[in-house]
Amino acid sequence: SNIEELIKGKTVQGPVPVCRLHTTRLLLPASHTLHVSVWCKMSGNGNIDEGFYSRQLYVLGHEAMHRMGTASVLIAGMRGLGVEIAKNVILSGVKSVTVQDQGLTAWEDLSSQFFLKECHIGQNRAACSLQQLSSLNPHVQVSAHPGPLNEDLILKFQVVVLTDSSLDDQRRFGDLCHSKGIKFIVADTKGLCGQLFCDFGKEFEVLDQDGEMPVSVMVQHVSKDNPGVVVCTDDQKHGLSDGSKVVFSEVQGMTELNSIGPVEIKFLSSYSFSICDTSAFHEYTRGGVVTEVKQSCRIHFKPLTEALQDQELLIMNDFGKIARHKTLHLAFQALHNFVKKEQQLPRSWSQSDAESLLAMVRELNEVAQLEDLDEAAVQSLSYTARGDLAPMNAVIGGLAAQEVIKACSGKFTPLQQWLYFDALECLPEEEDRPKASRYDGQIAVFGSAFQEKLERQKYFLVGAGAIGCELLKNFALIGLGAGEKGHITVTDMDFIERSNLNRQFLFRSQDIGKPKSEVAAKAVCEMNPHMKITAHQNRLDPDSEGVYDYNFFMGLDGVAAALDNVEARVYLDGRCVQHLKPLLEGGTLGAKGHTLAVVPHLTESYGPAKSSSSDAIPLCTLKNFPHRIEHTLQWARDQFEGLFKQTPENVNLFLRDSAFIERTLSHGDAEALEILEGVWNSLEGMATRGQRPSSWKDCVTWARLKWETVYNNDIRQLLHCFPPDEVTTTGLPFWSGSKRCPHPLTFDPNNVTHMEYVVAAANLYGHIYGISGTRDFTAIRNILEQAHVPHFTPKSTVKIHVTDKEMEEDKKRGSDDAARLEDLKGKLAASFLKSSTQLYPIDFEKDDDSNFHMDYIVAASNLRAENYDIPAADRHQSKRIAGRIIPAIATTTAAVAGLMCLELLKLVQGHQKITSYRTAYINLAVQYFVLSQPSRPQDFEVKSLRQCRSGFSFGYRQKFSICIKGCSDDRGSCDFPCRSEVLDRPCFSHVKTLVLSQLLPVNLVMFGHTFGFFFLSANFARMSTILPMQHGTLDRVSNWFQTVTLTEHLASSQPEGNQRDSQMLDFPNLGSFIVG
């Protein structure tokens, strides 16, 4: 919003984001009057609870959430799939949800309906689910309709979802919804097959097709030509494609570009594109920002009756199953016909019923004319149609709920119009019958022997957040670890926060502040009382290896990762590799998701973390040359950490550690000077030119002087060194391309952002010294009137680095800081300083609106953005960037957890064909569902050795799959799975499969004792780590033989006879080695 919308009469110059109206205060000059009617409207029922919807808002945005807040949704059918959709839709924040079901709870419902218990058997499913569904989101009205589904009921809603419905009902209600403009969705699962259909009416407007942030890049040059060619700065690829539309701003010289409307571009390269005719425009001088304009589109849908006959509307998701999905389109229709004729689904594993269903599909194909009919898939559907599987419901339920969100918000591209998904590769080669248990829906598919095996599993779940909650729910429903010999261990070091409640559905408001793992474990035990779960609050890292040691991992059947960062994933993957344990891995980023199954000896592992150095912002850009809001926010975050955390921590170290100064001096003069000056200033009183406050007045004065330094003095100094008309040695303007020419700010106590900075900075500064502050702006303004701000004159002796390379070179050459360091050492030696009290460092916490942390970040960043004419960011956007928040939404989380659990079913069965497993990449914002076969581990060629007088020489070659990392444990076991003792001289007769690391960049790997070695050649740069074995104890020696490489000659040739190759390297007396 713009402040002009809220103020009557005199307006505040420039746009001011209003993003905290729910905190019931707004900073305005005293002479301004608040427009009461607008205030009431924005703080009423239409206001979004940003604390609750925090992470989802970064996926959908405020506008889409407001549109969702007006939608009423009907979900018909409250078996496993229906309750999954209802759960996700309620968490998303629509206006109301009504769940309809006439059916009564039966034993088979318990295999996937997580809000039904054994005591509900014989009662209405919708009524029994109502209380739990209502508790998911206090902002959504939830009601149950146990009566029949009819036209009068449907006409009350904007979106209707049918589950567990007949084809006749789908046709009838689908035609009604299409004619009345009601969005209509059909979702169904039968065993290991799922179906999804969408009809959003004759014409549906999509306001944002992909949900991605609009591209914004800086201009380097624009040609005066037809068409004109725009060249962007080389620090960022423009990311635009043919047909994208853009607008220009801040262009100097060719100012006509600033006033024309959206211009369509044509892609030329990653850093250039062409636009309209610019030949009649003025010459381009410098500057300019290109911003993408998001385009809306209109989509036309066919009603279900017509769409049934249109195979072109099928969206493929597994390109190895194209024929199967086309067949399933007919098979689901045939299944409805079968039920209508027989009054029941095909019997589990009944050959006669399968043949009947196949005959019906063949009859339908006489019209459809499919060339490749997958008859095996039809038979499998018949065998398992009575199954009701939690993982399948999680996948289809997540996708269907996302379509509901699209229908309500106009955000993201909807499904057009059919999607089929199957996991038939999970099937075992057995048949069995249900036996009146809570797992009947699963036994109908997999049999009772497999169910017993599931219950015996021992699994380790790392993370009890969003994905962790969904996995635990699925574990409880399928009975993983629920038997006498089974067990689940879950660990998560975090505690429940309010922002978790929107997607971590096992938690409620009364659980805030409690450990996630304990609450989640308790919640799933209520779903399935047979579950055996132990909850830990440990971080999984080297410090916890005393808990999660060799014996712990060797007692597991597998591991599931529900982590939120790459480093933790890599570490857990390494532990699983080390102990040869399968790993289920999944992650989400907004509407995007990915799953991976790591199977020992079969698939590649998660692998090492990719370097993100290319994404790092150069220090000189942060300090002096920001050009994007991300730069100013990172600068503000660095200021916060330096002023309120690192410096107080250094002061406390100085006070309690006598060796602090000497240790600091070892870091180099420049860094030592910065640290020690910070320590001295923090301890010396303000009366003697230090910065230690003794009162709240001192804190306000310090904040005012800090404002003057960073937003006025530093900018004036920068412009003194590099004036606005500065040119480079090549004659080009210095302030061009990505370098924005700044301007200093003048403090104004009536400026909202200026005061926000002073208030936040003063309160934070007071906190680290134990001084209480205030939000009384009148009192603070009175103090500011008395504050003395020294006059500043830029200095010609100051050098400002333009590049990080220049900065590093200056550091290497040394500086003239030695005298200043000696002076500081003398000052810090004063005895009265050592008697100072400890300070209170502040850890940044983004989700507490009362702690001034985000107040400071937003104000500090936006003031710096104003210095450099960068568009400001509101509080919500600032929190996402500065807090490094990962956008998240319940729909993607549910789908990812379902996909992971389908891979779990394969692991428990012991599938050893790589064709059975799937790696998934999904983006629910667009029609992107890709499931592919996982990659195999790399094959390496190992040359076996023959003994000769001088040691060993090369003999024949033998190939090995490097499947997964082996490692010695503290008992002295070796890399080779066939032996449990360390081998003095391993040979290939002892080894079936040589197990080496995929995680390390290995070029030369040695095994053996004294003079005996095996050699491994690989296409990597160098060996990184070798683990020497001494008397059964593992000592890690990092970076051994960093420069040792194995030549291509060794990789491609071998010597004849017993002659030693000229390239053979001899390392005497090195002892025994194994690979880490």
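**Entry 1. Cysteines**

I looked up C576 to begin with, and found this residue buried, at a relative accessible area of 2%. I note at once that the model is a predicted one. C198 is likewise recorded as buried, because its relative accessibility is 0%.

**Entry 2. Salt bridges**

I next turned to charged pairs. Side chains of opposite charge can pair when their charged atoms come close. The total for the structure is 45 salt bridges. I examined several of them one by one.

I started with E205 and R298, whose side chains form a salt bridge at 3.8 Å from N to O. E205 sits in strand β7 (residues 204–206) and R298 in strand β15 (residues 297–299), so this pair ties together parts that are 93 residues apart in sequence. E205 is partly exposed, with 32% relative accessibility. R298 is also partly exposed, with a relative accessible area of 49%.

K302 is partly exposed at 34%, whereas D310 is buried at 16%. I classed D310 as buried because its 16% is under the 20% limit for that class.

**Entry 3. A salt-bridge network**

Which residue does E425 meet in a salt bridge? Its partner is K906, and the distance from N to O is 3.1 Å. E425 belongs to the loop between β17 (418–422) and α14 (440–446), while K906 belongs to helix α32 (residues 890–909), so the pair ties together parts that are 481 residues apart in sequence. I found both E425 and K906 to be buried. I then traced the shared partners of this pair. Salt bridges join K321, R324, D374, D422, E425, E903 and K906 into one network.

Y420 is buried, at 1% relative accessibility. I also wished to know how far Y420 lies from Q195 in space. The C-alpha atoms of the two residues are 4.7 Å apart, although 225 residues separate them in sequence.

Q417 lies in the loop between α13 (390–409) and β17. I inspected the peptide bond that joins Q416 and Q417 and recorded it as cis, with omega about -15°.

**Entry 4. Further backbone features**

I noted a cis peptide bond between N226 and P227 as well, with omega about 0°. P227 is located in the loop between β8 (216–222) and β9 (229–232).

I then looked at positive phi values. Q369 is not a glycine, yet its phi is positive, at about 60°. I found Q369 in the loop that runs between α11 (351–368) and α12 (375–384). This residue is exposed, at 57% relative accessibility.

L580 has a positive phi too, near 60°, and is a residue other than glycine. I placed L580 in the loop between α19 (566–579) and β22 (583–589). Its relative accessible area is 31%, so I classed L580 as partly exposed.

Where is D564? D564 is in the loop between β21 (558–561) and α19. I recorded D564 as exposed, with a relative accessible area of 55%. I also looked up G463, which stands 101 residues from D564 along the chain. The C-alpha atoms of D564 and G463 are separated by 8.4 Å.

**Entry 5. A charged surface patch**

Which residues form a positive surface patch? I listed K453, R456, K458 and K485 as its members. I then followed R456 in particular, which is located in the loop between α15 (448–455) and β18 (458–462). R456 is partly exposed, because its relative accessibility is 41%.

Key: Residues numbered from 1 in each chain as written. Predicted model: local features only at pLDDT ≥ 70, side-chain atom pairs only at ≥ 80, totals over all residues. Heavy atoms only, no water. Patch = residues over 30% accessible without salt bridge, like charges linked within 9 Å, V, L, I, M, F, W, Y side chains within 5 Å. Areas by Shrake-Rupley, 256 points an atom, 1.4 Å probe, with all protein chains shown as cover. Salt bridge = Lys/Arg side-chain N within 4 Å of Asp/Glu carboxyl O. Lys, Arg positive; Asp, Glu negative; His and termini not counted. Charge placed at Lys NZ, Arg CZ, Asp CG, Glu CD. Helix = DSSP H or I, 4+ residues; strand = E, 2+ residues; numbered from the N terminus. Buried < 20%, exposed > 50% of the residue type's maximum accessible area, 1.4 Å probe, protein only.
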